[in-house]
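Subject: Structure for you to look at

Hello,

Please find the structure below. My notes on what was found in it follow.

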Amino acid sequence: MIKGNRVYLVKPQKEDMPLLLEWRNNPDNRKYFREYKETNLEDQINWYENVMMKDSTWHHFIVKPIDNPIKNIGVVLLNHIHPIYRTGEFGITLGDPEYRGKGYGKDMLITLIKYGFDQLNLNRNWCEVYSNNEAIELYRKTGFKDEGIIRQTVFKDGEYLDSYILGMLKKDYESLYK
């Protein structure tokens with residue numbers, strides 16, 4: 001268990017897969033994801049067993065609020081972790097809309113990046129964000145810097161979207177959070 005100011009990050013369990021599937025298939029969430037189609041519970045469980053539990057380059061966590069630790073409100077992950085280059089890509093989904101706009105997403109992100117830099121010894125943490133995603137402002141306010149734009153990289157909801165690449169280096173993290 002990893003403790004933030006407002007949330008805990010805990011390793012997902014097999015019984016969490018139906019809720020993760022629900023969030024993964026929700027069109028309001030999926031419009032921000034690389035994947036474009038719904039999946040099923042069998043594939044979700046296979047993903048849990050073969051990626052979440054076996055692939056050391058992926059670190060997934062269920063998010064629980066400190067004031068209600070039996071409730072699952074989201075999921076965060078670091079993936080594509082490269083042990084030599086010490087880089088990783090983050091993903092964050094605040095699946096429970098009741099908790100949006102109240103500072104939980106920011107604490108989820110800060111707790112995850114602290115884990116990446118302090119526990120995994122990453123030198124660079126980055127993300128790809130589509131131009132339809134308002135969370136890009138949260139990432140910038142948290143200290144991520146714009147590194148580039150990939151134009152018209154995906155087609156979602158009838159339009160082409162750009163991808164923004166944002167990154168944070170360990171030295172940036174240390175100057176902000178140490």
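Asn121 is partly exposed because its relative accessibility is 36% (buried means under 20% relative accessible area, exposed over 50%, partly exposed in between, with a 1.4 Å probe and protein chains only). Asn121 sits in the loop between H4 and strand E6 (124-130), and its phi is near 60°, a positive value in a residue other than glycine. Most residues other than glycine have a negative phi.

This is a predicted model, in which local features need pLDDT of at least 70 and side-chain atom pairs count only at pLDDT 80 or more, while totals for chains, interfaces and linings use all residues. Residues are numbered from 1 along each chain as its sequence is written, and side-chain values use heavy atoms, leaving out hydrogens and water.

Asp157 also has a positive phi, about 50°, and is not a glycine. Asp157 lies in the loop between strand E7 (145-156) and strand E8 (159-169) and is exposed, with a relative accessible area of 69%.

On the helices: the axes of H4 (residues 104-119) and H6 (residues 170-177) come within 11 Å and cross at roughly 125°. H4 and H6 are therefore oblique to each other (under 35 degrees counts as roughly parallel, over 145 as roughly antiparallel, 65 to 115 as roughly perpendicular and the rest as oblique). In H4, Ile110, Ile113, Lys114, Phe117 and Asp118 meet Lys170, Tyr173 and Tyr177 of H6 (contact means heavy atoms within 4.5 Å). The residues of this contact divide into 5 nonpolar, no polar and 3 charged.

Regards

Terms used: Axes are lines fitted to C-alpha atoms, for helices over the stretch in contact, and angles run from 0 to 180 degrees between N-to-C directions. Helices (H or I, at least four residues) and strands (E, at least two) are DSSP runs, numbered from the N terminus. Ala, Val, Leu, Ile, Met, Phe, Trp, Tyr, Cys and Pro count as nonpolar, Asp, Glu, Lys and Arg as charged, and the others, Gly among them, as polar.
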